[in-house]
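Me: Hi! I'd like to go through a protein structure with you, starting with its rings and then its strands and helices. Can you help me find my way around?

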Amino acid sequence: MASRHNEADIPELISRRSLMARAGGGAGLLGLAALMQDEGLLSSSFAADGLGNRALNPLAVQQTHFPARAKRVIWVFINGGPSQVDTWDYKPALETWDGKSIKEFDPSFKNTTGFFKNAVGNLMKSPFEFTPRGECGKMVSSLFPHMGEHVDKMAFIHSGHTESNNHSPALFAMNTGMPRMGFPCVGAWVTYGLGSESRDLPGFVVMSDPKGRGLPKGHAANWSAGFLPGVYQGTHLRPTGDPIDNLNRPDVLTDAAQRSQLDLLKALNEVHRTEYEAESQLAARIESFELAYRMQMSAPEALDIGAEPKHIQDLYGIGDEQCDHFARQCLMARRLVERGVRFVQIYSGGMENQRSWDGHNDIAGNHSQFAGETDRPVGGLLTDLAQRGLLDETLVIWCGEFGRLPIAQVSKKPGRDHNPHCFTAWLAGGGVKGGVSYGESDEIGYKAAVDKVHINDLHATILHLLGVDHERLTYKYNGRRFRLTDVAGEVVHKIIA
């Protein structure tokens, strides 16, 4: 019997012209997709809408936008606001102006940058001697005999400025680009954008003052992930006792028993995740349990500076009563980045005033104390990184939240008040051009005057050295695409090698 076909089953015949017309639209879409990929608009590594394909492994190493100069960062945060004119920004004119009113230099000065209007003194020269150091001849304060040995590795920014003259908002601004809490910090953005090279340690680690002087103003908000997933926030190492909570498991819990607990927990969470596939936070939470387990195996070894030979411990100043605490943190930082940690931040000083670099009273005594705590350890860190071949790929930053006024704050021993109009920062290693200075403050160090660098510019430069375009590293939150540099930021190319 002859088979019968429904007309609907007979395929429609199309002409070659019709075929080419239909295929042409698809080819155009392929071309558009290729162009968007070239621009990074389809890259899940830097997706504006979340973690893309990183939901199961949020700290997986990500491809950079362009070849990176640095792979990791150590930020020595000079908490409290170091005085630029007493550290790295030599101002011989202050000796000429010493004892005169700042209004003779700038009639517009109205005490608007300080808190102690009844203690405003005259211009005051630095109590420290400056001498030329290195082949570049950089004038360096006597505060830094050890760091001064490395000026040929450093790029100085002398024209930094910010908006806030109050510690908390200034700390938030320097760390997150915004003068209020709730935003991701630089370390969180970096680990979000690049992931971590270590599977067994946090991608972002923070260390604070271990001498009982407190946390920096704003506390943990300074290393928060903000609206980014919590896996990107800084892991704060406790300054005393066990550095990380629950790092050591109870004696009654064997490795096999703990592994069984985690396997059961993971299985239950996976069942829950299949019902809520769009819940990326749950996948990150599952990974956090596994990371915590791996950290119990790896973190004690990474933080064991006793494993270092004596000559390395001596290099950092371990055993020196004045700087031992900070030396240990700097050596830990080197051991952490050596093992793949992406971002380490070490805070020098605690809460405020004489507990940090906040030298309202006795600027000479205050800065001598904290420079004495940090100079040898940071110098040792730079030496150690260089001799191990790590400095070329490690960006080291020295910077606080703002600078200080060139005038005296009147007290029994004169100090200096806050100054958001000018601060100095230096960067070393990680693709930075050594032995150079960028930007200038005015002749007394009051305001940034030439080639001004805002904190957004500093952040853009840090990301650039890490191979990240600051305009393309975004995250969608509350209907808006946020970035570290907000709607500003220019890379300071002249300090890049």
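**Rings, a strand and a helix**

Reply: Happy to! One thing to keep in mind is that this is a predicted model.

Me: What kind of aromatic pair do tryptophan 97 and phenylalanine 105 form?

Reply: They form an edge-to-face pair, with 5.4 Å centre to centre and 85 degrees between the planes. Tryptophan 97 also has a charge over its ring: the charged end of lysine 100 sits there, 5.4 Å from the ring centre.

Me: Nice. How many aromatic pairs are there in the whole structure?

Reply: A search finds 24. One of the others joins tryptophan 223 and tyrosine 347, and that pair is tilted, at 5.8 Å centre to centre and 55 degrees between the planes.

Me: Where in the chain do those two sit?

Reply: Tryptophan 223 is in the loop between β6 and β7, while tyrosine 347 is in strand β8.

Me: Which rings are linked into a cluster?

Reply: Ring pairs link Phe183, Trp189, Tyr192, Phe227, Tyr232, Tyr475, Tyr477 and Phe482. Phe482 has a charged neighbour too, as the charged end of arginine 480 sits over its ring, 4.4 Å from the centre.

Me: Which residues are on each side?

Reply: Thr394, Val396 and Trp398 are on one side, with Leu395, Ile397 and Cys399 on the other.

Me: Which strands does β9 pair with?

Reply: Strand β1 pairs with β9 in the parallel sense over six bridges, and phenylalanine 77 has cysteine 399 as its bridge partner. Strand β13 pairs with β9 in the antiparallel sense over three bridges, and there valine 396 is partnered by alanine 428.

Me: Last one: is helix α11 mostly covered or mostly uncovered?

Reply: Mostly covered, with 10 of its 11 residues buried. Among them are Ile455, Leu458 and His459. Just after α11, glycine 467 takes a positive phi of about 85 degrees.

How values were computed: Residues are numbered from 1 along each chain as its sequence is written. This is a predicted model: local features need pLDDT of at least 70, side-chain atom pairs count only at pLDDT 80 or more; totals for chains, interfaces and linings use all residues. Side-chain values use heavy atoms; hydrogens and water are left out. Rings of Phe, Tyr and Trp (its six-membered ring) pair if their centres lie within 6.5 Å; planes under 30 degrees apart count as stacked, over 60 as edge-to-face and the rest as tilted. Helices (H or I, at least four residues) and strands (E, at least two) are DSSP runs, numbered from the N terminus. A charge sits over a ring if NZ of Lys or CZ of Arg is within 6 Å of the ring centre and within 35 degrees of the ring normal. Buried means under 20% relative accessible area, exposed over 50%, partly exposed in between (1.4 Å probe, protein chains only). Two strands pair if DSSP finds at least two bridges between them.
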